[in-house]
Every structure is written in C-alpha cells, then in structure tokens.
Amino acid sequence: MKISTYTVKPKLPDSLKALEELANNLWLSWNYDAVQLFIRLDYDTWVRSQQSPVRTLGMVSQEKLEQTAKDDSYIAALDEVYQRFLKYKSSGDTWYKGQTDNVVAYFSMEYGMDVSLPIYSGGLGILSGDHMKTSSDMRLPLVGVGLLYRQGYFTQRLNNDGFQQEYYPENDWYNMPVALKVDSEGKPLKISVDLADRIVLAQIWEVKVGRASLYLLDTNIEENTADLRDITAALYGGDKETRICQEIILGIGGIRALRALGINPAVTHMNEGHSAFLVLERIRELMVERGFSFNEAKEAVWATSLFTTHTPVPAGNERFDIWLIERYFRTWAQLLGISWNEFLGFGRVDPHNNQETYCMTVLALKFVAYANGVAKLHGDVSRTMWKGLWPGLPLDEVPIKHVTNGVHPRTWISNGMTNLMNRYFGRHFEDAPTDLSIWERIDRISDEELWRTHERRRDQLVAFARERIRQRIIRTGAEERRLQQAADALSPYVLTLSFGRRFATYKRGNLLLHDPERLIKLLTDKDKPIQLIFAGKAHPMDMPGKELIREIIHFSEKHEIGSRIVFIENYDMTVARYITSGSDVWLNTPRRPMEASGTSGMKAAMNGVLNCSIRDGWWDEAYKPEIGWAIGQGEQYENTDIQDEVESKALYELLERDIIPLFYQRGHDGLPREWIKKMKASIKAIGQSMSSHRMLMDYANQFYLPALKNYQHLVEGNYEDAKSLAAYFDRLSKSWDAIRVISVESTAAPVMLRGDTLLVTAYLELGQLTPDDLLVELYHGSVSNQSGGYIEKAHRVEMQVVQQNNSQYRYQVQIECTDTGFQGNTVRILPKHNALVHPYRQGFIRWA
C-alpha cells in the first residue's frame with residue numbers, strides 16, 4: 001500500500017503563537033510557570049496528553065483555543081513567560097563568554113530531559129539531560145548527540161503477583177518536542193554509515209534545550225530495510241549485534257551528522273563508552289582531509305577528547321566478541337592503514353591477549369587525554385580498575401580524574417519550594433545559577449514556611465501515590481475491596497521514607513526487609529509510625545531484580561501492611577519529582593563501592609529531604625552528621641550475607657535511635673525544629689556542592705576549556721604539534737628498549753634531620769635519544785611498611801643533566817628533608833614533549 005504523507009499542525013490564533021515556540025523548547029521543563037500555561041489551557045487535555053505540551057496543543061479543540069485567545073489574563077500570563085524566555089535566550093550575561101564557533105560535542109546513549117520525550121531509562125539519561133540544561137544556562141559551546149528511539153525505554157506494569165512486565169509504546173515524533181532537520185531543498189537531512197558492507201541511512205532530529213541543541217539520529221526511514229530501521233527501535237533493546245549497530249550509528253554517525261549540519265566538533269566528550277567508535281571516525285576524517293598518517297591524526301584526536309566512565313565494576317563495561325568486531329570493522333583497519341591485530345589491541349587492556357574481548361571503555365581510554373569518574377570515590381575505583389592500561393604507573397597518577405555528578409536545581413526542586421526560594425533568594429537565584437553562594441540564603445527562610453511548604457509536598461505525594469495504586473488495581477481487575485485500600489494507602493502525617501532507583505541486586509532495595517518483625521513494629525507503631533514508598537524498574541533481562549520488586553509486593557500483602565508499604569509503578573521523571581520532593585527521608589543502600597555516583601539523593605536533598613545512605617558514590621564525600629545519616633562508616637565486605645546482616649541492623653538502629661525520634665520531636669508550635677535545622681543545612685550544603693552548575697564549571701575548567709585551547713593551537717599551527725608528537729613517539733618507540741637507569745647514588749646518611757639536604761645522582765643510558773626527549777624525575781617520599789615497600793604520598797622533582805659521556809648522561813637534583821619517618825627515593829623516566837597534555841602514555845615509563 002502506498003501512502004501519501006503530510007503533517008498537520010495546530011492552528012493557533014495570533015495571540016497564542018508563542019505557545020508553539022514554548023512547547024517546542026525544553027526550557028519549559030525547568031520553568032513551571034511555562035508548564036502552567038498548558039495546564040491552564042485545558043487540564044483534562046493536559047492529563048490525556050501525558051503531560052506533553054506539543055500534544056496538548058494538537059488535542060485542544062479549536063473552539064477552546066479561540067476562547068483562550070480572548071482571555072486577557074491568560075494572554076498577560078503568556079506574554080510574561082514568553083518575554084522571560086526571550087530574555088533567557090538572548091542574554092549575554094552568562095558564565096561562558098568566549099567564542100562559539102568550535103563546539104564540544106557531548107555524546108550519550110540516552111537523555112532524560114522531560115517526561116514528554118521518553119528516550120531515557122535512568123540515571124545516565126537524567127544526568128545527560130541535566131548536563132544539556134546546565135550548558136544552556138551557562139551558554140557553553142556544547143551540542144548533544146544521541147539516538148531517537150521509536151519505543152524509548154519500556155513502560156513498567158506489575159501483574160497481580162507483583163511481577164514486572166514490559167510494554168513498549170510507539171513514540172509519535174510529530175507530537176513531541178523534536179524537529180526534523182532538512183536541507184536547502186526542504187528534504188530531510190540524512191547521513192550514511194557502512195554496517196558490514198550494508199549502507200544504513202539516518203535522518204537527524206533537533207531538540208531545543210533553552211539556548212542549546214540536542215541532535216538525535218533515527219534509522220526508521222523507508223530507504224532502510226526492516227532490520228536496519230529497527231536499529232533505533234528501543235533503548236538498550238535487542239541483542240549484542242543490535243547494540244554494536246546502535247553504537248556505530250551514535251559514534252561514527254553522530255560525527256557525520258554534525259558535519260552535515262555544519263557544526264565543527266572541535267572537542268568530543270564521550271559520556272560512557274557507547275560512543276567510543278567516534279574516535280575512529282575523527283581519525284579517518286583527518287587522514288582523508290589532511291593526508292595525515294594514522295598516528296598524526298591520533299595525536300590530534302587525543303588532545304581534544306574526553307571520556308567519562310560511570311561504571312564501578314569490570315562486568316559493567318561494554319564488551320563485544322571479536323567476531324562482531326571483525327564483521328563491522330575489518331575494513332576499518334585498512335581505512336586507517338593499520339594491521340588487524342593493532343586494531344584489536346585498541347579495545348584490549350593487553351593488546352597481545354587474543355582471548356580478551358573488545359572493550360569500549362578501553363578503546364575510549366586509549367584515545368583521550370582527559371578522563372574522569374563521576375565521584376571522588378569512583379575516581380579512586382576507576383584508577384584501580386584501569387591501572388593495567390598504564391603498567392608501572394603509580395595508582396594515584398593513573399590519568400583518570402573525577403568530577404562528581406550534580407543535578408539541575410530548577411528541574412528537580414518542586415514548584416512550591418522554588419517559589420519559596422525565589423522569594424528569599426531573589427532574582428539572582430534564576431539569573432546567575434553559577435553563583436553557588438546564593439544557597440547561603442536558605443537561613444533567611446523561616447522554619448514555619450519551610451515546613452509548611454514541605455508538608456504540602458508530602459500531601460501531594462500521598463495523593464499521587466494513591467491515584468497510581470488505584471489505576472493499577474483497576475487495570476489488573478483486582479477485587480473491589482482493594483480500591484478502598486488504595487484510598488487508605490499512606491498518610492500525609494507519617495514519617496515517609498522513599499527508595500527510588502533501578503532495581504538491581506547490588507542496590508539492595510530489600511535491605512529494610514531483612515528483619516520483618518523489627519520492620520513491622522516500626523511501620524505499625526501507634527505513636528511514631530513510618531511508611532515506605534518504593535519505585536524503580538528492573539532491566540527486562542534482570543530476573544533477580546524483578547524478584548526484588550515482587551518480594552516487596554508480597555511482603556506488604558503477606559503482613560497486611562499495604563497502607564504502610566507501597567510500590568509506585570513505572571518510575572519516570574514524573575514519579576521522581578513527587579518522591580524526591582515529598583518524602584522525609586531518602587534511602588540508598590548499595591553495596592559499596594558499586595554505586596558510581598547516584599543523583600536521586602541530591603535531588604531529594606535540594607528539596608529538604610534528608611538522606612540516609614551507605615557511604616558510597618556522591619554521599620561518601622558529601623556526608624556530614626548535620627545534613628543526614630550514614631549507614632556504616634564506608635566498610636567493604638567479602639561476605640555479602642554478613643554485610644546485609646550488619647548494615648540492615650545499622651539501618652534499623654539509625655531509624656529507632658535517631659531518625660524517628662528526631663522527626664516526631666515537636667515543640668509547642670508543632671514544628672520539628674531540629675529536623676528543620678537539618679533540612680536547611682542539607683539544602684545549603686548540597687545546593688552548593690551538588691548543583692549541576694558546579695559540575696559543569698568543573699568540566700569546563702578541567703577539560704572543556706583546555707581541550708578547546710588545544711584544538712585552537714593545533715589549527716593555528718597547521719597541526720604541526722600533532723605531526724611532531726607522532727614523529728616523537730615513533731622515535732621513542734624505536735629507542736625505548738635501549739633506555740635504562742644504570743645506577744643511582746645519594747649523599748643521604750642513615751639518619752637525617754629535618755631541614756638537611758641531600759644530593760641524588762643518576763646515571764642513565766639514553767641510546768639514540770637526548771635529554772630534551774625525556775623527563776627524568778626523582779620520585780621520593782615515605783616508604784610503606786608493607787612487604788616489598790613502596791613510596792607513599794610521593795614528591796616528584798625533575799632532575800637536570802650535569803654531564804654527558806656519549807649516550808650516557810649524569811643527572812642530579814638536590815632536595816630538602818621535610819617529612820620525618822622512613823623515607824626513600826628512586827628515579828624514573830617519562831616522555832617529554834611540549835605538546836603533551838600529560839606524560840602518562842601507555843607503555844612509556846622506566847624505573848630505576
């Protein structure tokens with residue numbers, strides 16, 4: 001059947017035209033007064049549209065539109081919001097004021113920016129969405145790149161037994177805030193990618209995010225065969241072959257899409273390893289366009305690339321079998337002018353291990369000068385996990401830094417709390433979000449106002465939960481008496497603890513169920529009861545995760561405490577907003593150190609919800625007694641059964657001894673003033689330290705701006721630095737085996753006094769190299785007491801040449817004894833070149 005297609009748009013009266021622009025820019029997702037315009041337009045339609053402004057405009061009757069166009073108060077409200085929107089877009093008074101011709105291209109597999117654009121599954125996507133919103137606030141030269149999934153992630157439904165079932169509704173892009181990019185003739189702009197000798201085409205959609213843009217690739221077009229159209233069918237769907245195709249489209253196709261749009265990705269930021277194939281495309285481009293060798297192009301890409309890892313365990317890193325890599329990349333080795341074994345080595349920790357699969361994290365780490373984990377603890381974990389890529393390099397020097405995640409405050413702070421903060425913080429809170437000192441003003445808010453605002457959010461959470469439970473009961477056809485139970489579920493006056501996150505076994509959503517008798521006593525206490533809200537999805541293939549959800553449902557039904565323990569289906573941004581703002585305590589119980597960062601607790605904290613968490617991820621560095629509670633002191637266990645026993649008891653004791661008494665400790669005015677004191681301290685501390693604006697300033701200062709500077713320097717110098725570096729490492733590789741430290745001498749006596757100086761002399765064989773080619777350092781500090789000994793908290797001092805004898809050189813340096821205790825030193829050799837971002841390159845370190 002041949003179908004002629006066309007697009008129908010709503011016919012808006014002139015006075016309502018601004019609604020269309022607002023609906024198609026996700027600026028409204030963090031400006032509730034803009035959302036209220038669509039709710040006010042027609043509330044019932046808003047609900048039926050599933051909170052989609054674009055769909056609402058298409059569903060509202062023409063009669064209603066014409067009627068609203070004559071409503072003076074509505075038009076005044078629309079004009080006020082629209083003028084603020086225009087001011088936001090045009091304002092030059094932002095954190096970043098530099099050039100915008102060369103951009104940072106941010107690649108992520110998923111983006112969670114608004115419930116109206118369901119192309120996210122969880123934390124990674126929410127972080128990416130907040131990253132885009134914050135880059136807009138700061139006017140950073142950044143664009144996002146991702147995939148447009150026809151089905152997005154699944155919709156979660158629980159059956160009568162509490163077992164998770166997945167449904168995949170189709171997304172209607174023509175009623176969502178995305179716009180198809182077209183060429184000069186008005187035809188869809190398309191790019192092509194070779195997939196195992198088959199050409200796949202992808203069209204490009206744009207999502208406007210305030211001042212920023214996100215570009216999404218879509219293979220669901222007529223020119224592609226059915227299997228190629230399904231590449232972008234579902235997020236994290238399909239088998240490994242589908243996955244590698246998605247990642248080729250994201251990485252290689254993403255770079256080509258930016259080129260087709262006339263955008264220059266001067267710097268690339270890979271948010272997780274899914275997009276790591278992009279480094280190959282960037283190298284190929286330089287080889288074709290500038291006639292570079294592979295190594296010359298690689299050096300240019302290395303200096304302008306950033307990789308962020310989010311995975312704290314080896315098994316969580318994306319790996320592909322070699323047969324899949326061969327199917328899709330055998331021809332790439334020829335394109336890049338390298339051997340097949342060399343290509344395979346890019347994805348292996350040990351390039352010579354033919355049994356090792358191809359790891360996307362390894363590929364990324366080998367081609368970037370900048371890399372980071374997503375929390376301080378996760379940086380430590382990542383350096384330990386990947387130290388094998390830099391054999392011989394001390395752990396603290398492994399070039400993986402950390403930038404702790406953050407959340408976008410105006411997206412996640414409830415409307416009621418935002419209005420309260422606006423009154424006391426002033427316009428500066430909205431206009432200058434990078435001024436983190438503004439959070440100090442939380443102390444200006446009276447205890448009464450803060451508490452009443454929070455109580456209203458708890459009321460709304462309880463009402464929302466009851467409605468969701470009622471809908472589930474009706475859908476599953478449960479008996480009539482269950483509807484009354486839904487109406488009685490939860491209480492707006494009871495201490496409310498919430499657990500909302502992906503249901504995976506390491507997150508231990510059932511930790512509180514470890515001692516049923518003790519928990520039931522807390523839930524049913526007549527004077528100081530608690531209630532629990534759970535929400536979260538298990539991965540469709542994660543049966544143990546699904547069993548955790550069913551365990552919670554069964555526990556509630558078995559002990560007839562459904563009014564005190566509830567599970568809210570289909571955890572998404574709407575559910576998250578309710579529970580992170582209306583709860584009293586936010587629970588987080590992962591097995592340390594398996595939580596890379598986590599951000600849900602940050603959202604809760606900014607709303608005045610207090611955290612009670614294992615010291616893992618972000619909470620390990622943020623925790624202070626005055627802002628929440630820590631379960632344990634950061635211990636790690638070999639035996640998980642013992643860990644569950646110990647940490648569940650610690651959680652019960654915190655609840656019984658500290659949390660419950662503090663919440664119900666009321667003064668004559670009915671206010672829990674000590675609890676409110678913690679709320680204010682938490683809002684202040686987390687608002688300042690875990691704002692996404694702090695996060696983006698960290699990314700910009702540590703990575704984006706230096707990498708953009710590297711790019712500018714390369715271009716202005718006609719890439720001579722990249723060519724010089726490639727030639728240097730070629731020469732270094734040929735001569736490296738001849739380099740050695742012959743001997744080291746020191747004037748140190750067996751016992752030295754603080755302030756004494758000592759002279760260290762090293763004799764080196766440099767072969768065909770010269771002192772200008774190498775960094776020779778004295779590495780000294782306290783020596784550990786462990787077997788074999790190693791230098792702790794080392795100091796590094798460059799040594800200088802004082803004498804040459806053919807290819808042998810004498811180096812010296814004098815140091816002062818500043819630290820007491822058992823001290824030691826040694827000598828090492830590293831690469832040295834003025835174009836190196838850092839000297840830590842795989843395989844190039846030599847110790848005495």
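Contact here means heavy atoms within 4.5 Å, and helices (H or I, at least four residues) and strands (E, at least two) are DSSP runs numbered from the N terminus. The model is predicted, so that local features need pLDDT of at least 70 and side-chain atom pairs count only at pLDDT 80 or more, while totals for chains, interfaces and linings use all residues. Residues are numbered from 1 along each chain as its sequence is written, and side-chain values use heavy atoms, with hydrogens and water left out.

**Sheet and its helices**

- Helix 22 (residues 543–558) lies across strand 16 and strand 17, and runs at about 145° to strand 17; axes are lines fitted to C-alpha atoms, for helices over the stretch in contact, with angles from 0 to 180 degrees between N-to-C directions.
- Six strands, in the order 17-16-15-18-19-20, form an open sheet with parallel pairing, where two strands pair if DSSP finds at least two bridges between them.
- Strand 17 (565–568) and strand 20 (628–631) are the edge strands, each pairing on one side only.
- Strand 16 (residues 530–535) is joined to strand 17 by four bridges, and Phe534 stands opposite Phe567 in strand 17.
- Helix 21 (residues 516–523) also packs on the sheet, where it touches strand 16 and strand 17, and its direction makes about 115° with that of strand 16.

**Helix pair**

- The axes of helix 17 (residues 415–425) and helix 19 (residues 447–476) come within 9 Å and cross at roughly 160°.
- Residues of helix 17, including Gly416, Met417 and Tyr424, meet Glu449, Leu450 and Thr453 in helix 19.
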